[in-house]
Amino acid sequence: MAYWLFKSEPFKWSWDMQKNKGAQGEQWDGVRNYQARNNMRAMKIGDKGFFYHSNEGLEIVGIVEVCKTAHHDSTTDDPRWECVDIRAVCDMPKPVTLKAVKANPKLANMSLVTSMRLSVQPVRDDEWQEVCRMGGLSPAP
């Protein structure tokens, strides 16, 4: 299993909106960055991810899982752009702020710190465990 981080501006797509989609989930559309698209192409059913509120909040607020592998992004006619579908798994009991991530030396090389603008990022196993611990999820889902 691989781990990921999905960034969303809460006024466009919030954690509550994601949770309201239920088990069917929702496509993670609108991504127009090749690296982020390629990250989604690498995802498999059941991969887990952090749901991160960007711009306002600046915190990891929940856990999602991939429920449909990469497919055409229905918000464009351009065949270059693909997306995955994700569904909410659980809330992060204690949201993990960007400030807390940056202050943790174990997370110094996390993409959230080093590639802040990338909207879909890989997360290493040790980073996954540490952020889950920080957020009150132990053991990590």
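## Helix α2 and its buried face

A residue counts as buried when its relative accessible area is under 20%. This model is predicted, and in it helix α2 spans residues 34–41. Four of its residues, A36, R37, N39 and M40, are buried. Seen down the axis of α2, these buried residues fall within an arc of 155 degrees, so they line one face of the helix. An α-helix has 3.6 residues a turn, so residues three or four places apart point the same way.

What do the buried residues of α2 pack against? Their partners are strands: β1 (3–8), β4 (59–72), β5 (82–97) and β6 (120–123). The start of α2 has a side-chain to backbone approach. There, a side-chain oxygen of N33 comes to within 2.9 Å of the backbone nitrogen of Q35.

## Overall fold

The protein chain has five helices and six strands. Read from the N terminus, their order is β-α-β-α-β-β-β-α-α-β-α. The radius of gyration is 14 Å, close to the 14 Å that the globule rule gives for 141 residues, so the chain is as compact as a globular protein of that length. Along the principal axes, the C-alpha atoms fill a box of roughly 40 × 30 × 30 Å.

Of the 141 residues, 48% count as buried. The chain exposes about 7,100 Å². Carbon and sulfur atoms supply 50% of that area. Take the contacts between residues at least 6 apart in sequence: 68% of them join residues at least 24 apart.

## The annotated domain

An unreviewed UniProt entry places the feature "domain: EVE" at residues 2–134. Over residues 2–134, the chain is 26% helix and 36% strand.

## S8 in strand β1

S8 lies in strand β1. Is S8 buried or exposed? Its relative accessibility is 8%, so S8 counts as buried. A polar atom of the S8 side chain lies 2.5 Å from the backbone oxygen of W13.

Leaving aside neighbours within four places in sequence, S8 is in contact with W13, W28, F51, Y52, H53 and S54.

## E82 in strand β5

E82 is found in strand β5. Its side chain makes a polar contact with the side chain of R41, at 3.2 Å. R41 belongs to the 34–41 span of α2.

Leaving aside neighbours within four places in sequence, E82 is in contact with R37, M40, R41, A70, H71, H72 and D73. Among them, R37 and M40 are buried residues of α2.

## Backbone points to check by eye

Where does a cis peptide bond occur? One joins S138 and P139, with omega of about 5 degrees. P139 is found in the segment after α5 (125–134).

N55 sits in the loop between β3 (48–53) and β4. Its phi is near 65 degrees, a positive value in a residue other than glycine. At 57% relative accessibility, N55 counts as exposed. L58 is also found in the loop between β3 and β4. L58 is not a glycine, yet its phi is positive, at about 50 degrees. With a relative accessible area of 36%, L58 is partly exposed.

Conventions:
Residues numbered from 1 in each chain as written. Predicted model: local features only at pLDDT ≥ 70, side-chain atom pairs only at ≥ 80, totals over all residues. Heavy atoms only, no water. UniProt positions renumbered as here; feature names shortened; annotations may be inferred. Helix = DSSP H or I, 4+ residues; strand = E, 2+ residues; numbered from the N terminus. Buried < 20%, exposed > 50% of the residue type's maximum accessible area, 1.4 Å probe, protein only. Arc of directions from axis to C-beta. Contact = heavy atoms within 4.5 Å. Polar contact = N/O pair within 3.5 Å; in protein donor to acceptor, adjacent residues only side chain to side chain. Rg over C-alpha atoms; globule rule 2.2 N^0.38 Å. Areas by Shrake-Rupley, 256 points an atom, 1.4 Å probe, with all protein chains shown as cover.
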